[in-house]
Amino acid sequence: MEREPARLLIALDFDGTLAALKRDPAAVRLSASRRSLLARLGRSPGVRVLVVSGRPQAFLRRALAGAGAALSGEHGWVLEGIGPEWRHPRLRARARQPPALAAAARRAVRGLKGGRDEPKTAAVAVHWRRAPAVIRDPSALRRVLAGIRPRGWRLAGGKRVWEFRPADAWGKGEAIALAARRLRARVVFIGDDETDEEAFRSLGRRARTVKVGGGATRARERVRGVSGVDALLRRLARV
Ligand SMILES: [Mg+2]
């Protein structure tokens, strides 16, 4: 039987939106209650849930197991669960760079206590939430990393992370728009960090955009924190 087309696409970031940030990014988990809330939302008629994140797709598959959500990892360069599985056409070409870039980043942050690189398929994140010297002065690390940035790549900031990403004009917002076109659905997008700001901007007035937490934002609405996201999801589940 054909599934009824979704009318509403609820897209959410993962870290800082569905799960509280941790000092160690590998320790971030989805709580059991939020997992069942997502599953309940996804079973609502006309609703589809999409988690869109900078994390590798394999991490999202493990972290969101049982949540019934479609998944878009690598900052929207991969989309699974809404129509045919999709990869950005340049993903394979861009995936050649990260091993060497991660090694260069590791050399660059050697001696930086608590700094940690996280290679992804088409990105390399350098986390510094456990590096007191960088917390005192983030600009020095930025300068060092800017010095090893390859052509065609950009260095973007986030919450206590610098990340090398392809300079291609494709990110979370474009992946959400692709999923929405496939579903012919309206969009709610909820996120907390710099990449989400890019998506708030690119989605513009086509979407209901919700910023999690404080700080300047292009989103049209705001909730207070991960608990505020729960309350919003519960309201959406009733609609
Ligand atoms: Mg986030």
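**Working through the model**

Me: Which residues is Ser72 in contact with, leaving aside its neighbours within four places in sequence?
Reply: Ser72 is in contact with Leu50, Val51, Val52, Ser53, Gln57, Leu60, Val78, Leu79 and Ala175, once neighbours within four places in sequence are left aside. Contact here means heavy atoms within 4.5 Å.

Me: Before going on, what are the ground rules?
Reply: This is a predicted model, in which local features need pLDDT of at least 70 and side-chain atom pairs count only at pLDDT 80 or more, while totals for chains, interfaces and linings use all residues. Residues are numbered from 1 along each chain as its sequence is written, and side-chain values use heavy atoms, with hydrogens and water left out.

Me: Back to Ser72: is it buried or exposed?
Reply: Ser72 has a relative accessible area of 0%, so it is buried. Buried means under 20% relative accessible area, exposed over 50%, and partly exposed in between, with a 1.4 Å probe and protein chains only. Ser72 is found in strand 3, residues 70-72. Strands (E, at least two residues) and helices (H or I, at least four) are DSSP runs numbered from the N terminus.

Me: What lies 2.7 Å from a polar atom of its side chain?
Reply: That is the backbone oxygen of Val78, at 2.7 Å from a polar atom of the Ser72 side chain. A polar contact is a pair of N or O atoms within 3.5 Å; within protein, one must be able to donate a hydrogen and the other to accept it, and residues adjacent in sequence count only if both atoms are side-chain atoms.

Me: Now the metal. Which residues coordinate the magnesium ion?
Reply: Asp13 (OD), Asp15 (O) and Asp192 (OD) coordinate the magnesium ion, at 2.1 Å. Donors are N, O and S atoms within 2.8 Å of the metal (3.2 Å for Na, K and Ca); water is not among the atoms, so sites may look incomplete.

Me: How are those donor residues spaced in sequence?
Reply: The donor spacing is D-x1-D-x176-D. Asp13 and Asp15 are both buried.

Me: And Ala11, where is it found?
Reply: Ala11 is in strand 1, residues 8-12. Its relative accessibility is 0%, so it counts as buried. Leaving aside neighbours within four places in sequence, Ala11 is in contact with Leu50, Val52, Ile176, Val188, Phe189 and Ile190.

Me: Next, strand 9. Why is it called largely enclosed?
Reply: Strand 9 (residues 161-166) is largely enclosed by the rest of the structure because 6 of its 6 residues are buried. Val161, Glu163 and Arg165 point one way, while Trp162, Phe164 and Pro166 point the other way.

Me: Which strands does it pair with?
Reply: Strand 7 (residues 124-127) runs antiparallel to strand 9 and is joined to it by 4 bridges; the partner of Val126 is Trp162. Strand 8 (residues 153-158) also pairs with strand 9 in the antiparallel sense, over 6 bridges, and Trp153 is partnered by Pro166. Two strands pair if DSSP finds at least two bridges between them.

Me: Which residue takes a positive phi in the hairpin of strand 8 and strand 9?
Reply: Arg160 does, near 55 degrees, in a hairpin with 2 residues between the strands. Most residues other than glycine have a negative phi. His75 also has a positive phi, of about 60 degrees, and sits in the loop between strand 3 and strand 4 (78-79). Arg184 has one of about 50 degrees, in the loop between helix 7 (172-183) and strand 10 (186-191).

Me: Is Arg184 buried or exposed?
Reply: Arg184 is exposed, with a relative accessible area of 80%, whereas His75 is buried, at 8%.

Me: Last topic: how is the chain divided?
Reply: The protein chain is divided into domain 1 (8-87 + 170-238) and domain 2 (92-166), with bounds from an automatic or database domain assignment. Their C-alpha centres lie 24 Å apart.

Me: How much area do they bury between them?
Reply: Domain 1 and domain 2 bury about 1400 Å², 50% of it on carbon and sulfur atoms. Arg23, Glu74 and Trp77 supply 32% of the area that domain 1 buries against domain 2, more than any other three residues. Buried area is the accessible area (1.4 Å probe) that two parts lose on being put together, summed over both.
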